[in-house]
Amino acid sequence: FPCRSSLASAQSAPDALWQLAWQTDRMRRRSEEDQVRVADWSAFSQYVKRHFREHGITCRSWSEDGRRRPIDPAPPTRAPLPVSPWIAELL
C-alpha cells in the first residue's frame, strides 16, 4: 500500500486507508510550502495513529534487552489534540 503488492493473494487496502494516504500526501505538500507548524504535525500524527489502530496497525520495538521486554517503556497515553481548522477541511 499504496503500491501494488507482489503477493497475488494480497487484499486491497480499505478505502479509509486510501483516503488517509491522500490526506498525508496533502499534509506533506503543505509542509513543502512551509504552511505547516509543529503543532499541526503533532495533531495530524495523532489522527494518523488513531486510523492505524482502527485497522490493527500497531508498532512494536525491534530491540529487546535480552529478557523479551522492549528497551523503551511505552509512553503514557494522552488524549489527542484538536485538529487545526485547515486540517479539518481536508478531513
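## Asp40 and its neighbours

Not counting residues up to four places away in sequence, Asp40 touches Met27, Gln35, Ser84, Trp86 and Ile87, where contact means heavy atoms within 4.5 Å. Asp40 sits in helix α2; helices here are DSSP runs (H or I, at least four residues), numbered from the N terminus. With a relative accessibility of 1%, Asp40 counts as buried. Buried means under 20% relative accessible area, exposed over 50%, and partly exposed in between, using a 1.4 Å probe and protein chains only.

A word on the model: it is predicted, so local features need pLDDT of at least 70 and side-chain atom pairs count only at pLDDT 80 or more, while totals for chains, interfaces and linings use all residues. Residues are numbered from 1 along each chain as its sequence is written, and side-chain values use heavy atoms, with hydrogens and water left out.

## Helix α1 and its partner

Now for α1. This helix has 18 residues and reaches 26 Å from its first C-alpha to its last, close to the 26 Å expected at 1.5 Å a residue (the expected span is 1.5 Å times one less than the number of residues). Its buried residues are Leu17, Leu20, Ala21, Gln23, Met27 and Arg30, and what covers them includes α2 and α3.

The axes of α1 and α2 come within 12 Å and cross at roughly 165 degrees. That makes α1 roughly antiparallel to α2, a label for angles over 145 degrees. Axes are lines fitted to C-alpha atoms, for helices over the stretch in contact, with angles running from 0 to 180 degrees between N-to-C directions. On the α1 side, Leu20, Gln23, Thr24, Met27, Arg28 and Ser31 meet Asp40, Trp41, Phe44, Tyr47, Val48, His51 and Phe52 of α2. Take Val48: leaving aside neighbours within four places in sequence, Val48 is in contact with Leu20 and Thr24.

## The nonpolar core

Ala13, Leu17, Leu20, Met27, Val36, Phe44, Tyr47, Val48, Trp86, Ile87 and Leu90 form the largest nonpolar core, eleven residues in all. Two or more of these residues come from each of α1 (15-32), α2 (38-54) and α3 (85-90). Such a core is a set of buried Ala, Val, Leu, Ile, Met, Phe, Trp, Tyr and Cys residues joined through side-chain atoms within 4.5 Å.

## The loop at Asp34

Asp34 is in the loop between α1 and α2. Its phi is positive, near 60 degrees, in a residue other than glycine. Most residues other than glycine have a negative phi. Asp34 is exposed, with a relative accessible area of 68%.

Note on methods: Parallel < 35°, antiparallel > 145°, perpendicular 65-115°, else oblique.
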